[in-house]
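Have the sequence and the 3D view open as you read.

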Amino acid sequence: MRLSSALTAALTATAAVALTATGASAAPGAASAGTAARPGVCQEKALGVTASPGGQRNAARITVTNRGGSACVVDRIPTVTFRGLDGSAEPVPPATSGSYVLSPGERGYAAVRTAAPGTTEGHVVRTLSVAADPSHHGVTFGAAAVGMDRGIRVWEPVTTLWHTSRAAADRALADATR
């Protein structure tokens, strides 16, 4: 029995490595398996990044658009930072870096909660920055751009992964922060 368990574990590990190496994934926007060459990381200048008020207090919506002529990859977790504070918003659900493919003209949507509604804890900052990929510098937005005229209250900030629609990103944030 031990031999078959060891063999099963080895085959499972080999299959997992093979799937990882080919980029196989069932997630929307994720790199897919196949013989075609995998797209490279999106050039920052080929992307449009916007931020707007979210559907609830202390929330913002972010969008990334591939304005280039070919498919490219960003990290599946947007990098959201706040001026004067260390660290970035944590992904919800918890996740590790991975590929999110954007075809030409395609958009990815995420939602960010900077602090729980009604909280008085944390810091108030004037700007937040969003990078579609950690290798990018990102774009900085003032508090008013994200509907937080009195400043952005930051306490245990979280961000969703990129989604194929604004509604899906809003649902993911609502589900994760209940």
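This is a predicted model: local features need pLDDT of at least 70, side-chain atom pairs count only at pLDDT 80 or more; totals for chains, interfaces and linings use all residues.

## Strands, cores and a disulfide

Residues are numbered from 1 along each chain as its sequence is written, and side-chain values use heavy atoms, with hydrogens and water left out.

Now the overall layout. The chain has 2 helices and 12 strands, with helices (H or I, at least four residues) and strands (E, at least two) taken as DSSP runs numbered from the N terminus. Along the sequence the pattern reads α-β-β-β-β-β-β-β-β-β-β-β-β-α. Of the 178 residues, 38% count as buried; buried means under 20% relative accessible area, exposed over 50%, and partly exposed in between (1.4 Å probe, protein chains only).

Back to the strands. Two strands pair if DSSP finds at least two bridges between them. S1 and S2 run antiparallel to each other over 7 bridges, and Gly 48 stands opposite Thr 65 in S2. Their hairpin has 5 residues between the strands, and Asn 58 takes a positive phi near 60° there. Zooming out, an open sheet of 5 strands has the order S1-S2-S7-S12-S5, with mixed pairing. S1 and strand S5 (90-91) are its edge strands, each pairing on one side only.

What about the interior? A nonpolar core here is a set of buried Ala, Val, Leu, Ile, Met, Phe, Trp, Tyr and Cys residues joined through side-chain atoms within 4.5 Å. The largest one has 27 residues, and Ile 62, Val 74, Val 80, Phe 82, Leu 128, Ile 152 and Trp 162 touch the most other members. Strands that each supply at least two residues of this core include S1, strand S2 (59-66), S3 and strand S4 (79-82). A second, separate core of 7 residues includes Ala 59, Val 92, Val 158 and Leu 173.

The table leaves aside neighbours up to four places away in sequence.

| Residue | In contact with |
|---|---|
| Leu 128 | Val 80, Thr 81, Phe 82, Val 139, Thr 140, Phe 141, Val 146, Ile 152 |
| Ala 132 | Leu 47, Val 64, Val 74, Asp 75, Trp 162 |
| Asp 75 | Ser 97, Gly 98, Tyr 100, Ala 132, Asp 133, Pro 134, Trp 162 |

Ala 132 sits in the loop between S9 and strand S10 (139-142), and is buried with a relative accessible area of 2%. Ala 132 and Ile 62 are 70 residues apart in sequence, but 9.6 Å apart in space, C-alpha to C-alpha.

Asp 75, in strand S3, is buried yet has no salt bridge; Arg 76, the nearest side chain of opposite charge, is 5.8 Å away. For charges, Lys and Arg count as positive and Asp and Glu as negative, with His and the chain ends not counted. A salt bridge needs a side-chain nitrogen of Lys or Arg within 4 Å of a carboxyl oxygen of Asp or Glu.

Finally, the cysteines. A search of the whole structure finds 1 disulfide, defined as a pair of cysteine sulfur atoms within 2.5 Å. The bond joins Cys 42 to Cys 72, S to S 2.0 Å. Cys 42 lies in the loop between helix H1 (2-22) and strand S1 (47-53) and Cys 72 in strand S3 (residues 72-75), so the pair ties together parts that are 30 residues apart in sequence. Both Cys 42 and Cys 72 are buried.

Methods
Contact means heavy atoms within 4.5 Å.
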